[in-house]
Each structure stands twice: as C-alpha cells, then as structure tokens.
Amino acid sequence: EYLNHTFSSALTWQRGTHTLKTGGLFALEHVNSNLYPETTHGSFAFQSGGGFTAFQNFLRGNSGGACGEPCGYFETDIDVLNRFQPGRYELYVQDTWRLHPRVTVDLGLRYAFYPPLTDENDMLFTFSPDAYDPDQAPSFADPAGDFLVLGTGNLFNGIRVAGKDSPYGRAIYAADKNNLQPRIGAAWDPGGAGSFVVRAGYGMYFDQTQVGMFAQNVEESFYDPFRTDLFVSNPPLSNPGQGTVIEPFAVFTPDSLATSEQFVAPRWQQWNIGVQRRLYSRGVIDAGYVGSSGDHLIRFVNLNRPQPENFVGHGGRSNTVRPFLGYQNIVMRETTAKSRHHGFLASFRHEAGAAGSATVNYTFSRNKADATYDNSAVDDPQNPLDKDAEFAAAGTDRTQIFNASYVYELPFARGGTEGWRNAMVGGWQIAGIIRIESGPAVRIQVVNCNYDDGWCFPAPLRPNQVGDPGAGDQTGLVWFNPAAFVPSPAGEYGEAPVAPFRLPGRHQWDIAVLKTLSFGTTRLQFRVELINAFNQTQFLDVDTQCFGTTTCDPRGRFGQVTSARPPREIQLGVRLDW
C-alpha cells in the first residue's frame, strides 16, 4: 500500500533582463510493506506414525498422539511488517539572466532534506559495530560454529532498535542536512543567427533512497528482536497447546542485514560543455564533453567476512574466525562508494521532411567505480578493510557506443495517390536502428578451495593473473584463456586486476519495410520487421567464476560463452488508422 501527499508551489517574477523563479515541495508518504507474511495463525505438520499414514493422522486429529515426535506445530507471535513514513522537503531559487542578447546565464540553488526513515510501529533495526560487545558473543554449540547455544551471551549482540536503544531516536541513522545543490549554466550564440551555439553547465544532485532496501533488511533477517517463535511436538489438532513445547538448545548462527548508521543521501555532480552547429538547412551536429562524479553511493559490504590469513588452519570453521563472533554474514548497506565518468558525445541529425530523417550518435567514454550502485552482492569488495581497491572500470562502462536510426521513403511515385500503379509503387518506407557498442568490463571471481583438506574460502575472491587472457581472440565458445588465472595461495587475497578485460559487445541491425495505403482519412499500413536482420551471432554472458585449488577446475565452463542474444526475428503486422 502506498499513499503520497504532496504540496508544491512556484513563483515566477520578471524584472528587466532577469527571470526569477522560486518554489518548494513538501511531501509525506506512507508505505506499507510485508514481503514475507509469517504464520501467526499456526501451522501443523503431520507425518506417518502409530500405524497410520500422515493423511490418516491428520484426519484423526492425531488422536492419542499416534503421530509421535516427528509431527509438530509452529506459530510465531507477530507478523513483522513495516509501515514506513518517508518525507521529502525541497526549496529552490533560480535566476535566468539575459546578460547580453547573445548570452544567457542560469544561476540556481536547491536545498533538499530527506528525513531519516521511520516506521510507525518502530520496527526498524540495524547492526552497529560500535554497539557490539565481544564479551557478549553467544557460545558455539558445535566446533564449526554453525549453531549457537541459547541462553549464552546475547543473540542480538550489536543490534540497535529504533525507538528503543538507537542513538537516533525513532530512526536507525543520523539525519543528513548538508544537501545544498548549486546549479549554473550558460548559452552563447556568437553570431546571433542561432546557427552556432556554445553551452556549458554544472549541477549537483542528491538521491532519496528507496524504502525497499530497509524493508528487506528487517523482513529477511533470519532472527529479529521483535518476533518469538513457538515449537510444539506431537500436538492434537484440536488443541496444539496440549503437545510438548520444544525449548531448542541451539539455533543457527544468524546472518544479519543492516544499514550503516552513517547513511547519507547519495550525491552526484555533473558538468558539460558542448557546441551545436547547423551545417546546412536540414542538418545539425552536436558535440561536447560530459562528466560526472558520484560520491556517497550505495554499496553492499559484508562486514563479517573473515580475513584469508585467519582462515588458514581452521578446516572450514569460518564462523569461528569472523570479526563479529555470533554471526555469519553481516550485509551492510552503506553509502561509501564512488564513481567517475568522462565522455565525448557527438550527434548528427538530418531532417528531410516527408522524405524521411536520420540520426547518428557516437559516444567515447570511461566510467570507473568501486560499486555499480545497484546494491547487489557482485559489488561486495574482496577485502572489506580495503574497499578502495575495487575502483576500476564499472560494470556499466561501455567504451564506445554507436547508434543510428533512419526513416526513408522510397522515391517511386512519391506523393502520388492516383492510379493503381502509383498506389502499388508509392508509399514504401524503409526504417531501421543500428546499435554497435563495446562490451562491459568484467570482474573475475574464484571460489578458492586451496585451504586445509580442500576447504573453500567462504566468499568469492579475485584470482591471480598468470598470463594473457586474450579476451575475444579465442575460437569457438572460449572467450578468454582460462589458464590465465589461478586461485591465490591459501591465506592470501588475489592480485588480478579488478576488471582485466571486457565481455562481448553488441552489433545489431534492425530493419523495417513499411507500405502505406491512403483512402481519404483512412490509412492502411503493412509492416515487415526484421530484428537482428543479418542474423549476427551476438555473445552475451561468459562464465567468469573459477573453482579450484592450484588451477581452475577444467571440468567447468570457466572462460566460455554461456548465452547469446536472440537470432533473427521476423514480425509481420497490419495497422489501420481511421
């Protein structure tokens, strides 16, 4: 359920060569989220026992306790759901100043405040390293540390609950009030005829984080501080309370999903300078440089990943050497990532009226980042203590992008509508889209099983690079040389480049042939569309995850293409307009 109450207002004032604008926005939202409904009404599980089948025990209501201990009843006392109350407050002022008949300058300043997210029932919590007490860690119930002994230590060690023990009151992170956003832009027409224009601009922008991430943190956690579960063994169907209440000795060592207490609004700075030139009456070219800088971007970090040197000699018992004992993974969403983008863009447009049009675009750019801003596990840094080491070509980076689109009306009987010959020959059009682009940068990962007795490190690492991968130069389905990478020695991080090469790019032509018949105000159009018209094989995904000890397992598909874009598709269509 989503409700939004927004009030906005703006005022424009013309004074001489200045056009002044000011305004604001006030928004209150209400978002109800219940990702995983719990069994608050209870759930029975029947099995065979006492000489009866599971279905018979159900029909008999487990009379006389025939089902035995394998049968049970589960109930939780509360269905953890969120009733979020996000808000947004923005003010702005802008001056468009006609400094000269050929020069216009825009100056602006915007302020945005996004209050920390709160929940109507204070059902927000997070893990705080500052609140964690090593002396309060529960005892392990087994040598591997997969289970915790109940009643020892604090099962929620380091957990802070909104409205209870959070230092931020009903929120779980501090308010971010430093969100001033300056804007400046300028346009210059040197000749005054509008055929040649120079433009430049700079702006700062902030993002409001979506509430889905917070709902996932609360509702997907294996244990939470709000819910109490009840387990009953061998209950009668009529009254489960007459069964034997099970007090578990141990529980799974939990994972935790959390939000950083230093969570701030992600910030983007963008700038550009470019020119527009009319080459002839129907042709215009644009060219320019654009850049952007992203800071405080959202990323995924596993705070509780053990260090490789600590894992040596522990025979797979990773939970016993993690930084925060009593937990497995602690997935922290934090705003510590950054990105940098620089690009040259060029575009040409030709408008021929009824005869058709054509547009050609080309981009040469580099985009580097230490996270792709999609809040996914693929960006989990190899070493959570050295997150800056992940800064490299981003997964969204495409060095070169070329695309073109066109519509061309064949000249035969152009404009003629009389006679059956003209009706058959005229009105034909060819249209199409061409897309050619570099492939994305790839991150190689290895499940490193180079530890005691073949145990694998509990999280993917980077490998070591020992040769030239030769990406794209191989034959068949082999995209890069898998022997160019090997797992790092036990106790060490991999030293291969973060993004050593690129995945396959794209080269596709889509063509459409159209025939239009006109009958007064009625138009009948026949279409033949060819997607990937030349049926070019376009590889898409490549297996980039290695499994192994001293080498990557040759039985896998490491280094090979695993999927491709669709082959040629032909579509036929008829359209009637009246």
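This report walks through the nonpolar cores, aromatic pairs and disulfides of a predicted model.

## The cores

Start with the largest nonpolar core, which holds 28 residues. Within this core, Phe-84, Leu-124, Phe-127 and Phe-214 touch the most other members. Helix α2 supplies the largest share, with 4 residues.

Leaving aside residues up to four places away in sequence, Phe-214 touches Phe-84, Leu-117, Leu-124, Ile-172, Tyr-173, Thr-209, Thr-259 and Phe-263. There's also a second, separate core of 22 residues, and its members include Val-321, Phe-480, Leu-503 and Cys-552. As a rule, nonpolar side chains in soluble globular proteins tend to be buried together.

## Aromatic rings

The structure has 25 aromatic pairs. Take Tyr-132 and Phe-324: their ring centres are 5.1 Å apart and their planes sit at 85 degrees, so this pair counts as edge-to-face. Tyr-132 lies in the loop between β8 and β9 (147-149), while Phe-324 lies in the loop between α3 (308-311) and β19. That puts the two partners 192 residues apart, so to speak from distant parts of the chain. Both of them are buried.

Elsewhere, ring pairs tie Phe-44, Phe-46, Phe-55, Phe-58 and Tyr-73 into a cluster. A charge meets a ring too: the charged end of Arg-60 sits over the ring of Phe-52, 4.0 Å from its centre.

## Disulfides

A search of the whole structure turns up 3 disulfides. Counting bonded cysteines along the chain, they follow the pattern 1-2, 3-4, 5-6. Cys-67 pairs with Cys-71, and their sulfur atoms are 1.2 Å apart in the model. Cys-67 is buried at a relative accessible area of 3%, and Cys-71 is buried at 2%.

Next comes Cys-449 with Cys-456, S to S 1.9 Å. This link is right-handed, with 90 degrees about the S-S bond. Cys-449 has a relative accessible area of 13% and is buried, whereas Cys-456 is partly exposed at 30%.

Cys-546 and Cys-552 make up another disulfide, with sulfur atoms 2.1 Å apart. The torsion about their S-S bond is about -105 degrees, so this disulfide is left-handed. Cys-546 is buried, with a relative accessible area of 0%, and Cys-552 is buried at 11%. Cys-552 also turns up in the second core described above.

Methods:
Residues are numbered from 1 along each chain as its sequence is written. This is a predicted model: local features need pLDDT of at least 70, side-chain atom pairs count only at pLDDT 80 or more; totals for chains, interfaces and linings use all residues. Side-chain values use heavy atoms; hydrogens and water are left out. A nonpolar core is a set of buried Ala, Val, Leu, Ile, Met, Phe, Trp, Tyr and Cys residues joined through side-chain atoms within 4.5 Å. Buried means under 20% relative accessible area, exposed over 50%, partly exposed in between (1.4 Å probe, protein chains only). Helices (H or I, at least four residues) and strands (E, at least two) are DSSP runs, numbered from the N terminus. Contact means heavy atoms within 4.5 Å. Rings of Phe, Tyr and Trp (its six-membered ring) pair if their centres lie within 6.5 Å; planes under 30 degrees apart count as stacked, over 60 as edge-to-face and the rest as tilted. A charge sits over a ring if NZ of Lys or CZ of Arg is within 6 Å of the ring centre and within 35 degrees of the ring normal. A disulfide is a pair of cysteine sulfur atoms within 2.5 Å.
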